[in-house]
Amino acid sequence: MKSLTFTLFIACCCLFCGETVMGTPVDNLLERIDKGASRKFKIELKQSDRDFFELDQQGQRVVVRGNSWVNIASGINWYLKYYAGIHLSWNQMHATLPAVLPKVEKKERHETDLTLRYDFNYCTFSYSMAFWDWKRWEEEIDWMALHGINLPLAIVGEECVWRNMLLKMGYTEEEVGRFVAGPAFLAWWEMNNLEGWGGPLPQSWYARQEQLQKQILKRMKELGMHPVLPGYCGMVPHDAKERLGLNVSDAGLWNGFQRPANLLPTDERFDEIATLYYDELTRLFGRADYYSMDPFHESSDDASIDYAEAGRKMMAAMKRVNPKATWVIQGWTENPRPEMVDHMKSGDLLVLDLFSECRPMFGAPSIWKRDEGYKQHQWLFCLLENFGANVGLHGRMDQLLDNFYGAEGSTLSSHLKKGIGFTMEGSENNPVMFELMSELPWRPAKFTKEEWVRNYVKARYGISNPDLEQAWLLLAQTIYNCPAGNNQQGPHESIFCGRPSLNNFQASSWSKMKNYYSPASTLEAARLFLKGVQHVADKSPAAPLNNNLEYDLVDIVRQAMADQARVQYQHTIADYKAFDREAFTADSARFLQMLLMQDRLLGTRSEFRLGHWTQAAVNCGTTPDEQHLYEWNARVQITTWGNRYCADTGGLRDYAHKEWQGLLKDFYFVRWQTYFDALSTQMAAQTRPQPELLGGGPNANKTSAELFAMALPQEPQIDWYAIEEPWTLRHNTYTADPEGNALTIANKIINFLLKTE
């Protein structure tokens, strides 16, 4: 009996090991990439004074050495790309490795002094990750390890901390519900921008997020990462003065939303409330070596606030939790305010230079340059890249390389640059830029984007093809080379996604778009890329396309269509202004046709389908009411963003616009069709006599200038919010399941565009 019990115990252990694998955290990661992959590698953890990874060979096994699990994972990623032609990316985190891996003929070693590699913006947690489950998070943590991340922001479940804290302070569940935001808007609540929008959250949400954060932190720590937990920076509900008698400063409005108040550091209860917060945070999620705090985010200076004292109080509260902890703060607009951090010791503060590739503050030339950099404080060189998780090819390859390697020669800041950071507002796009950024710490000498792109193409698709290479070189020289002086926020926005007008240029209010490449360049890149893909498909007609190849085909052809649609829009508006009704009818119809063709193209990939976003939201709910709340959050965030006032007067509408299948057809198409119908109706009415332009009657006393202005084309007055809001309230189902053949539809689109060139 004892023998049988022991045998069963061993069998259970083997079964358990079969699920979670064996050995090291990197072995487990390899098994998640491809079952059996860990047996093809030999993992060696070695001590070293410098961060490193090393590739070597031992018999049939590839040896990967490093001084941390994350650095070893970086080495695995390097090997898979540059030896095996396997690129693991957001659209492909699993692969089939060859039975026998390509040999490392000569030992290859990479070292870096940039020991901190950070990930995430607060906004990423709402624009991309609002409805992620553990399965999706598990893939992301693997992606992070493979790309060298060892310092990830970890704010999932912060709402759980605040709920417990506020209940202990005497707030009711109903009051908590009016304070904490909904799932798609938690980031801006956490950054002290708004209260309650998108809520109230049900109890099941808090339970879900608490469990999810514990899983996230466990895996991060297994891999040797240092999660950055959210610290306390003085935020309290805006009614805290009346409700609790606290001494606060009124933070006012943020784009129309009521902001939480700031608890003044001179209030006698500041330490008590900060301690209450950290006690709850530690009880739920443990202590951290790094805490993120961005006090007074995107706010004007307030004379009632002693910023130096505020900084001292926040630092002291954090240090009471962990005397060795470091405060992580975003370098963004006015933050960190010098008067708040100048008195702090070097090493206690780590600044994320949030937009280093465009508007660095660390001392490099830019509109945000700080002549003294961050003074005594350490900082990270960060890539922001994307705002609002907007879809679109975009990058600043030359600027990124110039700013990164230029910082090395700056006596002001080079010795204080401690690493890099990914600080994108939205994830899962433009993998090429994040791949480039992730390699910079391991490449000590500056290189050209052209030589890097050639290697990237082979690594991403596992083949050499001159058409694919030429397409990417053209993209690298044009749309991925946004020049210095252009301060636009993220991708060139698709004309399809903007609210229609006679002078539509950008979709969101703050994009700062400026033309820097010809639309002909992306069309030519799409043509070349399609030619290369077709060649690959013809060689192996029975085999499915390489996943990365198909994803990029859809994305590049999508960009070409969006750019040509902007040209088509200009033709259509010119027809209207020229009063060419026949041409207007034909050109407006063609624009709408292009929009629907774009919808069909994007429908071939789940990543570009609205359903992958809305279905994830619905899946979070445990009841119909919860499902409806989460779906509403998902729909509102990518369209109106806020209520009527915040959307229109506040300017938030379309900030997080998406060029996605389903959204194009059911939301953007309706707007554009409504607009063109209004213009057509207006043109038809102008063929009849217009008494208001005659000299008699009520216009007899008008000046010639006034009469001239009345005769000019007039923008139709359309209540866009009244058209948009009903869509956010619907519950029609969108699926994430791809439909159609990407290659076939891409061919149709390129032929369509080239025929009319």
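Mentor: Helices (H or I, at least four residues) and strands (E, at least two) are DSSP runs, numbered from the N terminus. The model is predicted, so local features need pLDDT of at least 70 and side-chain atom pairs count only at pLDDT 80 or more, while totals for chains, interfaces and linings use all residues. Residues are numbered from 1 along each chain as its sequence is written, and side-chain values use heavy atoms, with hydrogens and water left out.

The loop between H4 and H5 holds Trp132. With a relative accessible area of 8%, Trp132 is buried (under 20% relative accessible area; exposed is over 50% and partly exposed in between, with a 1.4 Å probe and protein chains only). Setting aside neighbours within four places in sequence, Trp132 is in contact (heavy atoms within 4.5 Å) with Trp137, Glu140, Arg208, Leu212 and Glu428. A distance of 23 Å separates the C-alpha atoms of Trp132 and Val26, which are 106 residues apart along the chain. Val26 is one of the buried residues of H2, among them also Pro25, Leu29 and Ile33. Eight of the nine residues of this helix, H2 (residues 25-33), are buried, so the rest of the structure largely encloses it.

Trp137, a contact of Trp132, also takes part in an aromatic pair. Rings of Phe, Tyr and Trp (its six-membered ring) pair if their centres lie within 6.5 Å; planes under 30 degrees apart count as stacked, over 60 as edge-to-face and the rest as tilted. This rule gives a count of 64 aromatic pairs. In the tilted pair of Phe125 and Trp137, the centres are 6.0 Å apart and the planes stand at 35°. Phe125 belongs to helix H4 (residues 124-127) and Trp137 to helix H5 (residues 134-146), so the pair ties together parts 12 residues apart in sequence.

Tyr551 is buried at 4%, as is Phe608 at 3%. One further aromatic cluster includes Tyr127, Phe185, Trp188 and Trp197.

The axes of H19 (residues 547-577) and H27 (residues 742-755) come within 10 Å and cross at roughly 25°; axes are lines fitted to C-alpha atoms, for helices over the stretch in contact, and angles run from 0 to 180 degrees between N-to-C directions. H19 is therefore roughly parallel to H27 (angles under 35 degrees; over 145 is roughly antiparallel, 65 to 115 roughly perpendicular and the rest oblique). Residues of H19 including Leu553, Val557 and Met561 meet residues of H27 including Leu743, Ile749 and Leu753. By class, this contact has 11 nonpolar, one polar and one charged residues; Ala, Val, Leu, Ile, Met, Phe, Trp, Tyr, Cys and Pro count as nonpolar, Asp, Glu, Lys and Arg as charged, and the others, Gly among them, as polar.
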